Amino acid sequence: MRILVLDDEENRLIQFKINLAGHIVVCVKTAAEAIQQLDQNNFNIAFLDHDLGGRVLVPSGPGTGYEVAQWIAAHENKQPDKIFIHSFNEPAAKRMKSLLPNAVIAPGVWTKLDGGLA
């Protein structure tokens, strides 16, 4: 599977890589990088964080996972089969889900994966 992970914290990205070993995992740290990857590639799964750039509990807007959710909603042909919103910013995660109704809100998902995606 091809999996996109958007998160700005290196330790979380390491956990994703460990938990998703055996899959093609593309890790990005910014909204712009995520949009570029989604535009240029097809992904089976995307894990999206909201708060990026070392900021926490920020409002939705440019440079956040919300910007990525907006892009995905506008480009349905590039939408991954499954989308997990793993942000701890609950109000922002809900705003992202409002754009992506089939997405799953799963804060902390990187600690719960056990290879069950294969």
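Me: Buried means under 20% relative accessible area. In this predicted model, is alanine 34 buried or exposed?

Reply: Alanine 34 belongs to helix α2, which spans residues 31–40. Its relative accessible area is 0%. Since the limit for burial is under 20%, alanine 34 counts as buried.

Me: Which residues does alanine 34 touch, not counting residues up to four places away in sequence?

Reply: Contact here requires heavy atoms within 4.5 Å. Glycine 65 lies 31 residues from alanine 34 along the chain, and the C-alpha atoms of the two are separated by 8.9 Å. With residues up to four places away in sequence left out, the residues that alanine 34 touches are Leu4, Leu6, Val28 and Val68.

Me: How are α3 and α4 oriented to each other?

Reply: The axes of these helices come within 9 Å. On the side of α3 the contact involves Gly65, Tyr66, Ala69, Gln70 and Ala73, and on the side of α4 it involves Arg95, Met96 and Leu99. The axes cross at roughly 5°. Angles under 35 degrees count as roughly parallel, and therefore the relation of α3 and α4 is roughly parallel.

Me: Which residues of helix α4 are exposed?

Reply: Helix α4 covers residues 90–99, and Ala92, Ala93 and Met96 are buried in it. These three lie on the same side of α4, because they cover an arc of only 100° around the axis. On the other side of the helix, the exposed residues are Lys94 and Ser98.

Me: What covers the buried residues of α4?

Reply: The buried residues in question are Ala92, Ala93 and Met96. Their cover includes one helix segment, α3 (65–74). It also includes the strands β3 (45–48), β4 (82–85) and β5 (104–105).

Me: What is the angle between the planes of phenylalanine 16 and phenylalanine 47?

Reply: The structure holds two aromatic pairs, and phenylalanine 16 with phenylalanine 47 is one of them, at 5.0 Å centre to centre. This pair links distant parts of the chain, as phenylalanine 16 is in helix α1 (residues 10–19) and phenylalanine 47 is in strand β3, 31 residues apart. The pair is described as tilted, with an angle between the planes of 50°.

Me: How is the pair of phenylalanine 47 and phenylalanine 84 classed?

Reply: Phenylalanine 47 has a relative accessible area of 0% and phenylalanine 84 one of 15%. Strand β3 holds phenylalanine 47 and strand β4 holds phenylalanine 84, 37 residues apart. The ring centres are 5.1 Å apart and the planes lie at 15°. Planes under 30 degrees apart meet the condition, so the pair is stacked.

Me: Which residues form one aromatic cluster?

Reply: Phenylalanine 47 pairs with phenylalanine 16 and also with phenylalanine 84. Phenylalanine 16 is buried, with a relative accessible area of 0%. The members of the cluster are Phe16, Phe47 and Phe84.

How values were computed: Residues numbered from 1 in each chain as written. Predicted model: local features only at pLDDT ≥ 70, side-chain atom pairs only at ≥ 80, totals over all residues. Heavy atoms only, no water. Buried < 20%, exposed > 50% of the residue type's maximum accessible area, 1.4 Å probe, protein only. Helix = DSSP H or I, 4+ residues; strand = E, 2+ residues; numbered from the N terminus. Arc of directions from axis to C-beta. Phe/Tyr/Trp six-rings, centres within 6.5 Å; stacked < 30°, edge-to-face > 60°. Axes fitted to C-alpha atoms, helices over the stretch in contact; angles between N-to-C directions. Parallel < 35°, antiparallel > 145°, perpendicular 65-115°, else oblique.
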